[in-house]
Amino acid sequence: MMKKKSIPASKPFLILFLCQIISALDVPLDSKLLEELSQPPTITHQSPKDYIVDPRENIVIQCEAKGKPPPSFSWTRNGTHFDIDKDAQVTMKPNSGTLVVNIMNGGKAEAYEGVYQCTARNERGAAISNNIVIRPSRSPLWTKEKLEPHQVREGDSLVLHCRPPVGLPPPIIFWMDNAFQRLPQSERVSQGLNGDLYFSNVQPEDTREDYICYARFNHTQTIQQKQPISVKVFSTKPVTERQPVLLTPTGSTSTKVELRGNVLLLECIAAGLPTPVIRWIKEGGELPANRTFFENFKKTLKIIDVSEADSGNYKCIARNTLGSVHHVISVTVKAAPYWITAPRNLVLSPGEDGTLICRANGNPKPSISWLANGVPIAIAPEDPSRKVDGDTIIFSHVQERSSAVYQCNASNEYGYLLANAFVNVLAEPPRILTPANKLYQVIADSPALLDCAYFGSPKPEIEWFKGVKGSILRGNEYVFHDNGTLEIPVAQKDSTGTYTCVARNELGKIQNEVRLEIKDPTMIIKQPEYKVVQRYGQVSFECIIKHDSTLLPTVIWLKDNDELPDDERFLVGKDNLTIMNVTDKDDGTYTCIVNTTLDSVSASAVLTVVAAPPTPAIIYARPNPPFDLELTGQLERSIELSWIPGDENNSPITHFVIEYEDGLHEPGVWHYQTEVPGTQTTVQLKLSPYVNYSFRVVAVNKIGRSQPSEPSEQYLTKSASPDENPANVQGIGSEPDNLVITWESLKGFQSNGPGLQYKVSWRQKDVDDEWTSVIVANVSKYIVSGTPTFVPYEIKVQALNDLGYAPEPSEVIGHSGEDLPMVAPGNVQVHVINSTLAKVHWDPVPLKTVRGHLQGYKVYYWKVQSLSRRSRRHVEKNILTFRGNKTFGMLPGLEPYSSYKLNVRVVNGKGEGPASPDKLFKTPEGVPSSPSYLKITNPTLDSLTLEWGSPTHPNGVLTSYILKFQPINNTHELGPLVEIRIPANESSLILKNLNYSTRYKFYFNAQTSVGSGSQITEEAVTIMDEAMASRQVDIATQGWFIGLMCAVALLILILLIVCFIRRNKGGKYPVKEKEDAHADPEIQPMKEDDGTFGEYSDAEDHKPLKKGSRTPSDRTVKKEDSDDSLVDYGEGVNGQFNEDGSFIGQYSGKKEKEPAEGNESSEAPSPVNAMNSFV
């Protein structure tokens, strides 16, 4: 044993480091050894620190301990010795320190209140228990009190106080009625943590005389009842709503202290109408996930297992529709002491060193004090081997007399921890606890573990020998465990024999022999096979086994992993299972399990029961896999594979699929090699160099593919230089001064040998220059730096390996990196084709200045201003791209009579070059758009007033407006067309000399010097004779006329119902083929407020033209032709161009819709028309 050196006290860090490497003795849990070894006392069981007892039952204060020799027990009460022999009511259990106080025979529990502590002592030390505080439980009665009835106004808050008697432990509070039914609680009515019943607002249904608070004392199993409380709610109308007010807690802030590990309960209950809703937040943080719960309708916040991190401010917010109120609870989490490192028992040999460490934490930080055998260490007998250093006791060169029990006490204002840990100094010669000549039996190729359980002090050294005169066992074929066990990871037949374990220390030496036998494994050499049997037939499963002759096997059969049915039809033989008279219930999986004392094997097969067909059914299935694969005629680049086909299963094999695995580059991955007809069982296979081949064969018939065969033996082909070079070689620069050469790497089997690399070569094209080459590892990219900008390079990449180069590769052309073009296109010319289209020309830039792949040219153009309005708008540039080396392009969608600018830029793969100087051009005038609106007002007997707005897009200088109009009769026939030209600066016109009570249709458009624009149409009616109108209005307002119209409407409704019923019954009645033409539908009632005519209503079936845009039945009115109208390019096109010529909105006039029939009216007759017909 090495002698331990003493350590100066000035090196505490070194002490702590050495303490980690000093390992005390471990005493095995061997009953015989424990009976022989001396051991200080250890407390094994004791009563809780705070022990509340039932005053009606005997008090049992537990204290159990173990030790060698067995310890004796003594007690203190309230800090002084408790002589139990002088108290007839107190006894101690035999061989125990447990006290029994006899209360049931006259003793009083209150007389035994106090603080008790147990001491267990033997010749090696003394262990002490915690301070056990004994208190009898109390369940006092409620004090007598006179309870006045509560008179409460509806909507007010109310608190019913419980104020239970103070008990030990505190009682559980609940509210019930006289029928012992719990009172319902809700967000409005709930019980607080103090037991009071809170009403946020009272309702009439809260009126009752039996609000009763109950207190249940669990220790004594008693329930105390408070006198009933009466509540009467009187109603006042209206009930006044109130914003929230907190009932508990009061004020705006409060504090709460909780201990670590406890449950934190915070409560907020508020009054208010409507009932407030409670919400909780933690200021400056989140409520802890998975530990936060809400109770009592979110009025109580519950956080379990609190820690110091849960300290902080918690805010409850009560809110209803009238406002909110909040309260902040400042929570501080303190902590009673808790262990970081509790002291552990220490078993040492004489002369050894050791430490007892006692570390605890808490809030506030606990103080640590040590006791030795229950006495404060400061006044305990001195021990020269012991030194106290705060929370650590250091032992140096201990002797047997140093054995003792030490107590560590960690305490603060919230509690204490007390731990016993003994130091047991033993001097014991080695002992081997494993029985002598123990026999170990192991299956071959399994690990063997030979035990050598030992004990000694100092700790013995263990050595193993094989045989009587064998040498000490060493080497990688053995594993030596710290507990003395010898492990043979793979036991073979030659491992059989006798092994000797030797344990020695300075006090002696001992050895023990064990024997090892290696057994043959159990195998199932004939496994049960899949069976298909007809109903009521017979089936048999075989299970033939091979086992070690010295082992006795047992065979068990299972069906669907359960025992066989208890049925005489199942016959279990020595090596088979037979089922007689098979039924459908016998369908399933049958398993044969073979067990020996050392191993177990199993095999399963499926039984399928089918109905007996009239004639024997042919079962078609996928073929069985081929077998017995053989490789012959091995050459460097070819080999012959042969095989034996499996059963066809009544469907001829159509072909075989041969697959291969490359165990060198892609182990476990099978690739398709080839396939041969089903009549062929050999094939000559082409091979690649440096591949470790395995082959398998799959048979295929019409039913499907077989399982793959077992793999063939492996065949490693010889290495060779590569046969091919990388594909897809490219050279593209990523920067103006580099060339990035990339390629597709060869796959593993394409390398043909180890050490695959690539020779990358390049030289500038069309320059008398030598090739530059570099050899790189198995990568797929190489970057050449310092190249000129965008020059062509000849590139080639050649594969090579340790055996040589691949054939000379072909060259490819690549380019170094591009840069932005240097010059702009010159000689930019614009040819304006028409008012919306222009053609631009430019000269191409020299290719050398492009400095990259020419992708094309971009034309940027934008509208500067409209020549007719002289107003600038937001400039939005438009871009047109012309691919390739094109030198002209068309600019569509321009806006007439506008000023534009453009420039041209050349584009390569890097981006755009500089812009050419801006070129200004103008578009000529075009035809205008339609006037923005046309309104017809102030109708009289013979005149109408027209007002209009100028075109949204004049597209030039307006020269005049053209107005055309014609009358429309009651049959929608058009009269003669009249045309008027109006100066461009006019915006209104009064038409006179018109016919009274006549509908007119108007067509209105603007003109520029180019031509007429799109027209806008409108209809209007002159008013009728004033006397007639007055007469009509008077008649229409007569009561008899209104009544008559209602009667007519009712009669029509009845007739329609009768017709509908007759039609449903299959009856027939004549229907008028065609209705008469309507009376003049154009005459509309006048509005009373301004005398103007009302709007026309759109009937969904007739779809009238809006605002008088009716097309006459004879289709004499046609839409005006317009050169620039987009209507010519497709039906329903409405749009306009923005400044860059793009099509964005309404441009052309509305296309007029023709009615289906000439006589059809698009409007329902008005009441005035009906009156005219009646008159």
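Reader: What is the relative accessible area of Cys1059?
Author: This is a predicted model, in which local features need pLDDT of at least 70 and side-chain atom pairs count only at pLDDT 80 or more, while totals for chains, interfaces and linings use all residues. Residues are numbered from 1 along each chain as its sequence is written, and side-chain values use heavy atoms, with hydrogens and water left out. Buried means under 20% relative accessible area, exposed over 50%, and partly exposed in between (1.4 Å probe, protein chains only). Cys1059 is partly exposed, because its relative accessible area is 26%.

Reader: How many disulfides does the count give?
Author: A disulfide is a pair of cysteine sulfur atoms within 2.5 Å. With the bonded cysteines of the chain numbered in sequence order, they pair as 1-2, 3-4, 5-6, 7-8, 9-10, 11-12. By the distance rule, the number of disulfides is six.

Reader: Why is the disulfide of Cys63 and Cys118 left-handed, and what is its torsion?
Author: The sulfur atoms of Cys63 and Cys118 are 2.0 Å apart. The disulfide is left-handed because the torsion about its S-S bond is about -70°.

Reader: How many residues apart are Cys63 and Cys118?
Author: Strands are DSSP runs of E with at least two residues, numbered from the N terminus (helices are runs of H or I with at least four). Cys63 and Cys118 are both buried. Cys63 lies in strand β4 (residues 63-68) and Cys118 in strand β9 (residues 114-122), so this pair links distant parts of the chain, and the separation is 55 residues.

Reader: Which strand holds Cys316, the partner of Cys268?
Author: Cys268 and Cys316 are joined by a disulfide with an S to S distance of 1.8 Å. Cys268 sits in the loop between β22 (264-267) and β23 (269-273), so the pair ties together parts 48 residues apart in sequence, and the strand holding Cys316 is β27 (residues 312-320).

Reader: Are Cys452 and Cys501 buried or exposed?
Author: Cys452 and Cys501 form a disulfide with sulfur atoms 1.8 Å apart. Its S-S torsion of -60° makes the link left-handed. As for Cys452 and Cys501, each is buried.

Reader: Which residue in β69 is the bridge partner of Tyr758?
Author: Two strands pair if DSSP finds at least two bridges between them. Strand β66 (residues 757-764) runs antiparallel to strand β69 (residues 792-801), with eight bridges joining them. The bridge partner of Tyr758 in β69 is Ala799.

Reader: Which residue stands opposite Tyr758 in β67?
Author: Strand β67 (residues 772-776) is antiparallel to β66, and five bridges join the two. The residue of β67 opposite Tyr758 is Val776.
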